[in-house]
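This report describes selected local features of one protein model and its ligand. Please look over the sequence and the structure before reading on.

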Amino acid sequence: MKNYNIITLPGDGIGPEITTSAVEVLKEVSRHSELEFTIIEKEIGGKSIDLYDTPLTNDTLEACLSSDSVFLGAVGGPKWDNVEHDKKPEQALLKLRKSLSLFSNLRPANIFKALVHSSSLKPNIIEGTNIMIVRELTGGIYFGSPRGLEADRGWNTLEYTKKEVERIAHVSFKLAQSRSKNLVSVHKSNVLESSQFWQNIIHDVHKNYPDVMLSDMYVDNAAMQIIHNPKQFDVIVTQNLFGDILSDISAMITGSLGMLPSASIGDNFSMYEPVHGSAPDLAGKNIANPIASILSIAMMMGISFNEKTIESNLHQAVSDSLDAGYGTPDIVNDKNKNLSTVEFTELVIENYRKLLTNKD
Ligand code: NAD
């Protein structure tokens, strides 16, 4: 038996409901494998403010620092809109990412066959899309100094060090190796020295991964190409600001915000979370889409625990559930196929079980 210590941070709004789905899936995975999960729940965000007057306590941070992986639900909501800036629920996320040094943010955008018609793009453009965007998460213009704001000017600094680019490059090449071996490095090297530097380092690191095809693309062209022909991409690696924008563009091709998982990875720690927020409009109603959470757990299995078969079976179980026409209200209108968060989670778990039985 392999034992992994997982911290769950349900947070606010729909966070607790979709975290329950994630935990149920973890328990099911454990029932059918040699994996044992010790799951410990801690507070974060608005809930933590209410209890301890801070969005992230040392107790929660320490627990994450001694974990094998972290699952985060969502933080924030109107109740905490007026608290002072440093105490806002979202500050907990930034502090956590920085403290765990989660420098690479992985956001897959792929289309489930059953949902091809939910996208704002034409089915023939998006069918078969499977992109992984790797966004550098702890450097670049978001963190560079000097920075400042005065009455007649505002400024930021875009800087990358060799170490920062090298480590994200290695993550991206390794990911590409495990997929279709195609990496596109997105930057703006025709205008920015920091991008020229980025390009040089990425090409240096490429020498270690000769089996991966590397190409360069300017960020303005990449934004257009993701919409024009998303199927051309396998893995995209890019800087913090460009990744923020491109991952939202690619998210739009998948249909619903409730579908998108993410992973934030560092050298020693990892955190998995749905891309969506706390959806206060849905909280407590048992109608939130749990797919982003379930797929975040699938990513945890594949990336942090190297359990690729479990990862692909969970993905398949979600796909089978959608193929049968079922879904939460954000993706399915048919009253007879419209399921609650709990019911859809149970259906995915049932399909996961079926997959394993059929393979025996
Ligand atoms: P949101 O993602 O919470 O909601 C946007 C829209 O998507 C809403 O209509 C919501 O109902 C829908 N939606 C979101 N998740 C869904 C799901 N699982 N199933 C079905 N529909 C879903 O974004 P927002 O409304 O801009 O923000 C609400 C709060 O969440 C804010 O306080 C914001 O700061 C916070 N937030 C937190 C995170 C995070 O914790 N990582 C990320 C984004 C926003």
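Which of the 20 residues around the ligand come nearest?

## Basis of the description

The structure is a predicted model, in which local features need pLDDT of at least 70 and side-chain atom pairs count only at pLDDT 80 or more, whereas totals for chains, interfaces and linings use all residues. Residues are numbered from 1 along each chain as its sequence is written, and side-chain values use heavy atoms, with hydrogens and water left out.

## Surroundings of the ligand

Val75, Glu90, Gly277, Ala279 and Asp281 come nearest among the 20 residues around the ligand, a residue being near a molecule or strand if one of its heavy atoms lies within 4 Å of it. Three of these residues can be described through polar contacts, that is, pairs of N or O atoms within 3.5 Å, where within protein one atom must be able to donate a hydrogen and the other to accept it, and residues adjacent in sequence count only if both atoms are side-chain atoms.

Glu90 takes part through its side chain, with a polar atom 2.4 Å from an oxygen atom of the ligand. Val75 and Ala279 take part through the backbone: a polar backbone atom of Val75 is 2.8 Å from a ligand oxygen atom, and a backbone N or O atom of Ala279 lies 2.7 Å from an oxygen atom of the ligand.

## Packing of H3 and H4

Two packed helices are described by the angle between their axes and the distance between the axes. For helix H3 (residues 58–65) and helix H4 (residues 89–99), the angle is about 35 degrees and the axes are 11 Å apart. Here the axes are lines fitted to C-alpha atoms, for helices over the stretch in contact, and angles run from 0 to 180 degrees between N-to-C directions; helices (H or I, at least four residues) and strands (E, at least two) are DSSP runs, numbered from the N terminus.

H3 passes H4 in a right-handed crossing, where right-handed means that the near helix is turned clockwise from the far one by less than a right angle, and left-handed that it is turned anticlockwise. Leu61, Cys64 and Leu65 of H3 and Lys95, Leu96 and Ser99 of H4 make the contact, with contact meaning heavy atoms within 4.5 Å. By class, four of the residues in this contact of H3 with H4 are nonpolar, one is polar and one is charged; Ala, Val, Leu, Ile, Met, Phe, Trp, Tyr, Cys and Pro count as nonpolar, Asp, Glu, Lys and Arg as charged, and the others, Gly among them, as polar.

## Backbone features in loops

Most residues other than glycine have a negative phi, and most peptide bonds are trans. A cis peptide bond joins Ser145 and Pro146, with omega about 10 degrees, and Pro146 is found in the loop between strand E5 (130–136) and strand E6 (148–149).

Positive phi values occur at Ser101, where phi is near 50 degrees, and at Asn306, where phi is near 55 degrees. Ser101 is found in the loop between H4 and strand E4 (104–110), and counts as partly exposed because its relative accessibility is 31%, given that buried means under 20% relative accessible area, exposed over 50%, and partly exposed in between (1.4 Å probe, protein chains only). Asn306 lies in the loop between helix H10 (291–304) and helix H11 (308–323), and its relative accessible area of 55% makes Asn306 exposed.

## Buried residues and their contacts

Phe305 lies in the loop between H10 and H11 and is buried, with a relative accessible area of 4%. Not counting residues up to four places away in sequence, Phe305 touches Tyr4, Ile6, Phe37, Asp68, Ser69 and Met300; the C-alpha atoms of Phe305 and Tyr4, 301 residues apart along the chain, are separated by 8.7 Å. Ala292, in helix H10, is buried at 0% relative accessibility, and its contacts beyond four places in sequence are Gly258, Met259, Leu260, Pro261, Pro274 and His276.

Arg107 lies in strand E4 and counts as buried at 16% relative accessibility. The side chains of Arg107 and Asn105 are joined by a polar contact of 3.5 Å, while the contacts of Arg107 beyond four places in sequence include Ile131, Asp248, Pro261 and Val275. Ala169, found in helix H6 (residues 162–178), is buried at 0% relative accessibility and, leaving aside neighbours within four places in sequence, is in contact with Ile202 and Val205.
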